[in-house]
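Here's a quick briefing to read with the model open beside you. Have a look at the chain first, then come back for the notes.

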Amino acid sequence: MMTVKFNLIVLILYLYADIVLSSFCYWNTACSYRYFSTKTPYNAVRGDIRDSVINIPECEPISIWGIFRNGKTYPDPKSAIRMKEAIAIRDLVVSSYEKGRCSLCAQDIDNLRDWAIDNDMFGKTTALHDEGRQEMFDIASRLKQVYSKLNELEGANYRFRPTHHRWVKESAKAFLEGLGSKNVVMDDLTSDFDLMDPINTDVEENSASNKETDKYKISSDYLAAKDRIQRRLGIDYSLTSDNITALYDLCCYTWSGLNNKASPWCALFTTEDLKVLEYIGDLEHYYKYGHGRQNAEMNAQIPLEDLLESFQLAKAGKGRKITAYFTRSRIMDMIYTALGWFKDSEPITAADKKRERYWRTSRINPHAANIVMVLNKCAIKKSSDYHVMFYMNEEPLRSVCEGGICSWSEFEKIFSPFSKTTSNNKTAS
């Protein structure tokens with residue numbers, strides 16, 4: 001009797017799942033899910049500094065310090081190869097639909113069939129995408145509108161320094177174009193030691209990261225998503241995890257963040273599927289470069305020391321108006337880790353995908369992610385006082401200090417532990 005009841009429950013669940021799958025049309029979804037871990041479009045999560053800027057009476061900004069992740073790029077070579085191979089699955093999906101076995105809606109099939117291959121996606125691997133260039137240009141343009149007085153750059157009152165990576169340099173160049181400042185020169189590295197990317201070992205292969213993501217790929221959560229995708233497409237070909245990753249990358253890389261135009265490849269997934277795949281990115285970055293990696297914060301202490309010194313000099317009337325560093329996603333993860341930001345009370349794991357978690361790479365590390373601090377000089381009773389405003393992705397970072405505004409003493413308390421770390425890291429390297 002119990003066996004009959006159990007089988008009946010399973011049957012009901014499968015019928016319910018089939019109804020859900022067949023009733024989901026991606027093309028006319030009012031609010032398509034657009035959070036793809038570190039491949040999330042900047043426009044999907046950003047604020048607007050022109051609207052969110054914090055203005056305090058009797059205060060004026062005297063120095064800006066920011067660190068910016070590169071804008072959207074084309075996929076890396078390995079991913080590009082897998083994505084190119086996965087395009088053949090499109091024909092299988094269309095054929096499955098014509099045979100009445102695919103759950104995609106007619107318009108979703110039309111959009112997928114009509115999708116044109118962008119050869120640049122496979123021929124310009126890791127290069128800055130036009131969308132990424134526009135992301136960086138627009139960020140600088142908005143900052144310029146808010147802090148126009150700080151854009152009068154000359155001599156040694158500014159620093160724009162990218163890492164040596166081509167796509168990062170291209171991002172920095174687009175940012176400078178957005179500022180519209182003439183005769184501004186970026187720093188060029190003169191030694192092997194890179195202030196903004198001091199990692200001297202290859203951390204791509206991290207056993208803890210691989211272990212946790214591999215465990216998640218055999219969890220009931222992931223296997224349920226894999227089964228949903230297989231049944232939704234209705235193809236005879238058994239999809240592997242690598243196939244699903246490649247199809248997901250096609251969804252991510254062909255989504256237009258600037259135009260808010262969804263990719264037809266995303267129609268292959270339900271919203272819940274996309275959340276599962278997003279979580280893989282969270283796990284990967286958490287254990288490779290975040291709170292789950294031992295000593296991950298060591299490599300982020302150097303830029304944080306520079307922030308402290310930059311504002312100390314500006315406070316003494318000797319600092320730069322603008323300091324901007326440009327880097328990769330991993331350094332953003334390490335900075336958050338060094339500061340103790342976005343740390344959940346318990347480590348995120350393959351066994352428990354918490355829907356409400358602080359470590360959401362889609363939110364904290366999308367394309368063109370940025371942290372901007374603004375030092376303000378305030379006239380109070382004929383004396384000077386200083387406050388630091390914190391912004392992340394053009395929104396006040398209110399979790400740092402009340403309202404996103406730190407007093408000078410609060411600022412020093414946060415960043416003084418990073419003092420004199422440059423020489424220590426050079427010695428260690």
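Strand 1 (59-69) gives the largest share of the lining of the largest cavity, four residues. This is a predicted model, where local features need pLDDT of at least 70, side-chain atom pairs count only at pLDDT 80 or more, and totals for chains, interfaces and linings use all residues. Residues are numbered from 1 along each chain as its sequence is written, and side-chain values use heavy atoms, with hydrogens and water left out.

**Cavities**

- The structure holds two cavities of 30 Å³ or more; a cavity here is a set of points, on a 1 Å grid over the protein atoms alone, where a 1.4 Å probe fits but cannot get out.
- The largest cavity comes to about 110 Å³, with volume being the space filled by probe spheres set on the points, which are joined across faces, edges and corners.
- Of its 14 lining residues (those with an atom within 4 Å of a point), I64, L143, F175, L179 and I322 are the closest to the centre of the largest cavity.
- Strand 1, helix 7, helix 8 and strand 3 (322-327) each put at least two residues into that lining; helices (H or I, at least four residues) and strands (E, at least two) are DSSP runs numbered from the N terminus.
- By class, the lining of the largest cavity has 10 nonpolar, three polar and one charged residues, where Ala, Val, Leu, Ile, Met, Phe, Trp, Tyr, Cys and Pro count as nonpolar, Asp, Glu, Lys and Arg as charged, and the others, Gly among them, as polar.
- The second largest cavity holds about 30 Å³, and I49, I139, L143, N370, V372, Y391 and E394 line it.
- Helix 7 and strand 4 (370-380) are the elements that give two or more residues to the lining of the second largest cavity.

**Helix 7 against helix 8**

- The axes of helix 7 (residues 130-146) and helix 8 (residues 166-179) come within 7 Å and cross at roughly 35°; axes are lines fitted to C-alpha atoms over the stretch in contact, and angles run from 0 to 180 degrees between N-to-C directions.
- The crossing of helix 7 and helix 8 is right-handed, meaning the near helix is turned clockwise from the far one by less than a right angle.

**Second largest pocket**

- About 360 Å³ lies in the second largest pocket, a pocket being an open set with protein on both sides within 12 Å along at least five of seven lines.
- Its lining has 16 residues, with F342, R363, I364, M392 and L397 the closest to the centre.
- Helix 15 (361-364) and strand 6 (395-396) each supply at least two of the lining residues.

**Disulfides**

- There are four disulfides, counted as pairs of cysteine sulfur atoms within 2.5 Å.
- One of them joins C59 to C378, S to S 2.0 Å.
- C59 sits in strand 1 and C378 in strand 4, 319 residues apart.
- The torsion about their S-S bond is about 110°, so this disulfide is right-handed.
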